[in-house]
Amino acid sequence: MITAILPETILQSDLPSVPAVAIRILNKKLLSKLIQLVSSSFPLPSYKRVINRDGICLLLFCKVSQLDFKFNDCNEIPIDAANYLINLIKCVDQSFSLRDFVLVNVPSTLPLTLQQNATCQWPVSFHPNKALENKISGLNFKDDEKLTVTQRVDSLVKLSNEASMKTGSTVNFAMVVNPITRKVLASASTCNASLLSHAAMRVIDQIAKGQLKTDQTLILETSAEPDVISCNGKRKQELVPCDALHSAKKLKSGKNCNDDYLCTGYHIYFAIEPCLMCTMALVHSRISRIFFGKYREDFGGLAQAKLQEIAALNHSFEVYHVTAD
């Protein structure tokens, strides 16, 4: 099973609501003028201005937070606030009174998913994000892609379990894949002889070393099964065209992207969720997708720290937790 690691703002089913002021409209001939006046005074883009509720026409006036009046009772509009609003619209109709105003609940933020939109207490303009809905429901991968991803992560988890038992300490495994050619570009395991030699750091280093060999227009692709214990053990290597390695970076543009970051467009697979240091290295290398099999026992960079959700960072990536069905 492939489960997307998504922000809480997407996963929450019910959106928090905030109080707002609405006004009962009896003379619908005045609606257009009232909507124009209210919208210019209290902009609420994407919120539906007029609804019919229990046979009553309601015009959304504003959120309570848009008024400079204190509301002590969540069910009652202060007289001074009502008088202010009446004076605002008396140029259109002078028949409104305090009893025409009601407090309603509106979403504090706009919905991001179909489920959130269905729970809104006041309708808003909403356009479903098909790609996001597919991520939530797990439909963004074809059957053959699911099989490949699951097999890769499962193989890394098995190698990790075996290596961890051998060494007596946790050994993570990482694999970088070009999603266009589906070729494994580099793979590595944790080297316990160095504090910085985590699987992610070592596999990124392999990609970097390979891309530095531009003078020969050839690049090294390492074996998919790295040495478990040795940090610098020799591995079987074969020469592949540099163009094949960079094809994922061309994507839709079709341009030569040799100046791109190390892992632009690539996918990386882990046996275990990477730590904070490694996750930040993946941000800098511009990896596209991360798949991992097991959560970290300590503080991980994806499920706990959720670096992929920090807007201040100049790159993000998709994150998936992979388990056997």
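Predicted model: local features only at pLDDT ≥ 70, side-chain atom pairs only at ≥ 80, totals over all residues.
Let me begin with Val92, which sits in the loop that runs between helix H3 (79-89) and strand E5 (101-107), where helices (H or I, at least four residues) and strands (E, at least two) are DSSP runs numbered from the N terminus. Leaving aside residues up to four places away in sequence, Val92 touches Leu30, Lys33, Leu34 and Leu37, a contact being heavy atoms within 4.5 Å. Between Val92 and Leu37 there are 55 residues of separation in sequence, yet their C-alpha atoms are 8.7 Å apart in space.

Residues are numbered from 1 along each chain as its sequence is written, and side-chain values use heavy atoms, with hydrogens and water left out.

Turning to the chain as a whole, its secondary structure comes to 9 helices and 12 strands. Of its 325 residues, 44% are buried, and here buried means under 20% relative accessible area, exposed means over 50%, and partly exposed lies in between, with a 1.4 Å probe and protein chains only. Among contacts with a separation of 6 or more, 62% are between residues 24 or more positions apart. The chain exposes about 17,900 Å², of which carbon and sulfur atoms supply 53%; accessible areas come from the Shrake-Rupley method with a 1.4 Å probe, and for residues only the protein chains shown count as cover.

As for Val203, its partners beyond four places in sequence are Ala174, Val176, Ala186, Ser187, Ala188 and Ile268.

Helix H6 (residues 143-167) has 25 residues and reaches 36 Å from its first C-alpha to its last, close to the 36 Å expected at 1.5 Å a residue, the expected span being 1.5 Å times one less than the number of residues. Its buried residues are Val149, Thr150, Arg152, Val153, Leu156, Val157, Ser160 and Ala163, and the buried residues of H6 pack against strands E1 (2-4), E6 (173-178), E10 (267-272), E11 (289-294) and E12 (318-322). After H6 comes Gly168, with a positive phi near 80 degrees.

That brings me to backbone angles. Most residues other than glycine have a negative phi. Asp54, although not a glycine, has a positive phi of about 55 degrees, and is found in the loop between strand E3 (50-53) and strand E4 (56-63). Lys306, also not a glycine, has a positive phi of about 50 degrees, and lies in the loop between E11 and E12. Are these two residues buried or exposed? Asp54 counts as exposed because its relative accessibility is 76%, whereas Lys306 is buried, with a relative accessible area of 19%.
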